[in-house]
Amino acid sequence: MKKIINKCLSLSIAACMTLSVLPVTSFAASNNNFKNADAIPLGSVSVPEHDYTRANKLPMTGYFEKSITMADGSIRSAKIYISSDAPVRSYFTVISVPDEVDTEEFLEKGGWKDIADKNNECLFILEPGDKGWGTAADEKEYVNAAMNFYANPVDPLASAPNNKYFSIFGESYLVGYGNGAPALEAWAAANPLKVISQTYVDSKGLEAEYFDQFEEKEFGGINGSYNEIIFPDGFDKITYDEVVLPTWYINPDDNTFNDSLTYWMSANDCAAAPVSDSKLGDVYKQKYDSDRWMTDYSGPISKVAVLNNNGSINDTNFTKKIYEFLTYYTRYENAVAYGNTLAVRADYHKLGIEIKNMIVNGYVREYMVYVPETAKKLWGDKAPVLMVFPGDSQTDKVFLDATQWWQVAQEKGFVLTIVCEQYNNSSVAVSHKDNNIFYPQLREEILKNYDVDPARIYATGQSAGSMASQGFAITNPEFFAAVASTSGASTPSASSSNKMIPVYLGYGAGDLSMLKGDLWDGVINQLDSWAAYHLGINNFEIGNGVDNVVTDGNRDRYKIWTWSKKIGTKDVPLVQVHLSLYRSHNCMSEEMPMLWDFLEHYSYEADENNNVTRYYSESGFKDAGDKVQIYTEASEMQ
């Protein structure tokens with residue numbers, strides 16, 4: 001039951017909360033009277049416990065306040081609104097409210113609370129000081145402190161204030177109002193990889209002198225404890241002012257915002273002349289021939305827009321338009337620029353994406369299913385299925401947008417199923433658990449409820465999800481026709497099946513230590529153990545790594561090694577590895593089509609004793625006549 005917090009009750013409830021531990025803290029104000037709500041101080045709230053009764057939900061919901069102590073001893077505040085059904089790693093919109101407004105009334109009248117509720121999202125609200133907003137320079141300490149708390153991962157070793165109350169998608173939407181806009185814009189320019197898109201209303205903008213520092217500030221290849229990316233001599237590194245970041249100015253101060261407009265037009269590599277748009281105003285589109293790294297995969301989708309109208313901050317339709325502009329986009333990878341990707345966010349309603357739950361080993365678990373219209377058109381009642389295992393802390397909702405697998409499914413016509421992990425040692429994060437139970441149950445649900453081909457079920461994953469899918473390839477190859485994943489290798493053990501399955505593994509130069517180097521560097525790690533297992537089963541020689549390497553992809557960023565076997569007249573690839581030269585640990589959406597291009601050529605049959613026969617189709621089973629048997633457990637490789 002949701003509790004209604006009003007100004008009369010807030011002090012007594014806060015006092016009670018300091019004496020008790022509430023595993024699920026649900027303090028949403030009345031839907032009809034949020035303007036009378038008082039935020040509950042986070043200092044009086046215990047870190048939420050796990051809520052195993054709800055799959056993939058933040059355990060603490062409602063309206064809260066974070067107190068921030070400044071260097072001069074003064075206290076500033078930031079507010080947090082977590083909608084009742086917000087998932088783990090939820091999308092947040094960060095809002096700097098204008099001077100001289102009541103925050104709660106602003107959020108209600110402007111429609112931001114309703115938008116968060118409707119879309120199961122959250123708000124992080126920056127507020128002015130007692131004397132209103134200062135300049136961007138004056139507000140740097142406050143904004144940095146607030147954003148460091150908000151975005152800091154749940155890490156007990158972190159030096160920054162640790163946020164264990166909620167978790168975020170990883171990148172955020174920004175909306176700055178009035179005198180609070182420049183301070184937020186300044187943070188965005190200094191942290192562009194952490195921002196998906198931004199809108200500024202009634203803003204004066206920033207001066208060119210502030211932006212000048214980002215022309216020479218380069219992104220490197222160091223990302224915490226991951227392997228360092230080593231760039232070749234003469235490599236042209238990305239500078240901060242080359243990060244595309246969709247931007248919309250509404251009612252800006254024409255006398256002062258031109259430097260901001262110029263900066264973001266350049267960062268987004270925009271055309272000089274605008275086109276008129278009835279909703280956005282003058283739109284400066286990213287050039288068609290733009291060479292920005294962040295849109296290598298999605299194409300020139302970014303823009304900068306300027307709208308002058310009489311829209312009111314208390315107009316819910318006005319706010320809805322801002323939200324629609326922001327959430328057209330998503331972004332993934334907030335640490336290394338060379339793997340950062342701006343993309344189109346999936347629209348669950350338009351796409352018909354289903355979010356479902358099932359009981360797995362006594363716990364409620366979430367999973368996602370997307371059946372594109374192309375599945376029926378291309379495959380009738382025999383559509384292939386891709387099972388996706390996200391990385392550690394990556395929910396199904398995070399991974400759908402982060403990988404853009406939905407776009408590949410749309411193009412190729414396969415049914416996309418993404419598992420959601422279970423809570424780990426934090427109540428606001430997730431990790432893989434019971435995959436050997438979850439997957440067989442989920443497989444039966446998919447086979448029972450959708451028109452799919454049981455002979456063409458494939459697995460993929462990232463990081464811990466890659467280890468899960470590659471682990472199945474070693475211990476239970478009868479589960480899948482083929483496996484292709486990124487940034488996590490499983491190694492053989494006593495439970496290894498020692499049976500063949502087509503496999504593919506991609507990883508980054510700045511990846512986990514288990515994946516450092518390549519298969520020919522003399523350093524033995526899990527990459528080598530994984531490869532030795534699969535190459536050995538197929539009687540492949542590792543080779544010297546020169547004769548079979550292909551350089552491919554945007555900016556020639558991939559080295560690809562393939563081990564094939566001649567079967568009949570066909571060269572059938574059975575083991576494949578790619579090294580992404582400039583990314584860190586997180587996968588990139590442009591890798592997903594590469595994985596599918598490998599997977600789609602294989603099918604299999606398993607008898608009642610799990611004896612497997614495998615097939616290869618050069619056409620990906622579009623031509624029924626090119627299917628050839630490549631393996632059977634009765635006679636080994638043909």
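User: Which residue has the backbone oxygen that the side chain of Ser 197 reaches?

Analyst: This is a predicted model in which residues are numbered from 1 along each chain as its sequence is written, and local features need pLDDT of at least 70. Side-chain atom pairs count only at pLDDT 80 or more, while totals for chains, interfaces and linings use all residues; side-chain values use heavy atoms, with hydrogens and water left out. A polar contact is a pair of N or O atoms within 3.5 Å; within protein, one must be able to donate a hydrogen and the other to accept it, and residues adjacent in sequence count only if both atoms are side-chain atoms. At 2.8 Å, the side chain of Ser 197 reaches the backbone oxygen of Leu 326.

User: Is Ser 197 buried or exposed?

Analyst: Ser 197 belongs to strand β8, residues 195-201; helices (H or I, at least four residues) and strands (E, at least two) are DSSP runs, numbered from the N terminus. Its contacts (heavy atoms within 4.5 Å) include Ser 172, Tyr 173, Leu 245 and Tyr 329, when residues up to four places away in sequence are not counted. Relative accessible area under 20% means buried, over 50% exposed, and in between partly exposed (1.4 Å probe, protein chains only). The value for Ser 197 is 0%, so this residue is buried.

User: How many residues of helix α5 are buried?

Analyst: Helix α5 covers residues 181-190 and is mostly covered. Among its buried residues are Pro 182, Leu 184, Glu 185 and Trp 187. Of the ten residues in α5, the number buried is nine.

User: Why is the pair of Tyr 91 and Phe 169 classed as it is, and what is that class?

Analyst: A pair of aromatic rings is described by the distance of the centres and the angle of the planes. Rings of Phe, Tyr and Trp (its six-membered ring) pair if their centres lie within 6.5 Å; planes under 30 degrees apart count as stacked, over 60 as edge-to-face and the rest as tilted. By this rule the count is 49 aromatic pairs. The centres of Tyr 91 and Phe 169 are 4.3 Å apart and their planes stand at 15°, so this pair is stacked.

User: How many residues apart in sequence are the parts that Tyr 91 and Phe 169 tie together?

Analyst: Tyr 91 is buried at 7% relative accessible area, and Phe 169 is buried at 1%. Tyr 91 is in the loop between β4 (75-82) and β5 (92-96), whereas Phe 169 is in the loop between α4 (136-151) and β7 (172-177). The pair therefore ties together parts whose separation in sequence, in residues, is 78.

User: What is the angle between the planes of Phe 472 and Phe 480?

Analyst: Phe 472 is buried, with a relative accessibility of 6%, and Phe 480 is buried, with 0%. Their rings form a tilted aromatic pair, with 6.2 Å from centre to centre and an angle between the planes of 45°.

User: Which residue does Arg 555 lie over?

Analyst: Arg 555 is found in the loop between β24 (549-552) and β25 (558-567), and it is partly exposed at 28% relative accessible area. Although Arg 555 is not a glycine, it has a positive phi of about 60°. A charge sits over a ring if NZ of Lys or CZ of Arg is within 6 Å of the ring centre and within 35 degrees of the ring normal. At 4.3 Å from the ring centre, Arg 555 lies over the face of Trp 293.

User: How far apart in space are Tyr 348 and Asp 212, C-alpha to C-alpha?

Analyst: Tyr 348 lies in helix α9, residues 348-351, and is partly exposed at 24% relative accessibility. Not counting residues up to four places away in sequence, Tyr 348 touches Ile 353, Ile 355, Met 368, Lys 397 and Leu 400. Tyr 348 and Asp 212 are 136 residues apart in sequence, and their C-alpha distance is 40 Å.

User: What is the radius of gyration of the chain?

Analyst: The chain has 16 helices and 30 strands. The radius of gyration is taken over C-alpha atoms, and the globule rule is 2.2 Å times the number of residues to the power 0.38. For 638 residues this rule gives 26 Å, and the chain is close to that value, so it is as compact as a globular protein of that length; its radius of gyration is 26 Å.

User: What percentage of the residues in the chain is buried?

Analyst: The C-alpha trace of the chain spans about 80 × 55 × 45 Å along its principal axes. Among contacts with a separation of 6 or more, residues 24 or more positions apart account for 67%. Of the 638 residues in the chain, the buried share is 58%.
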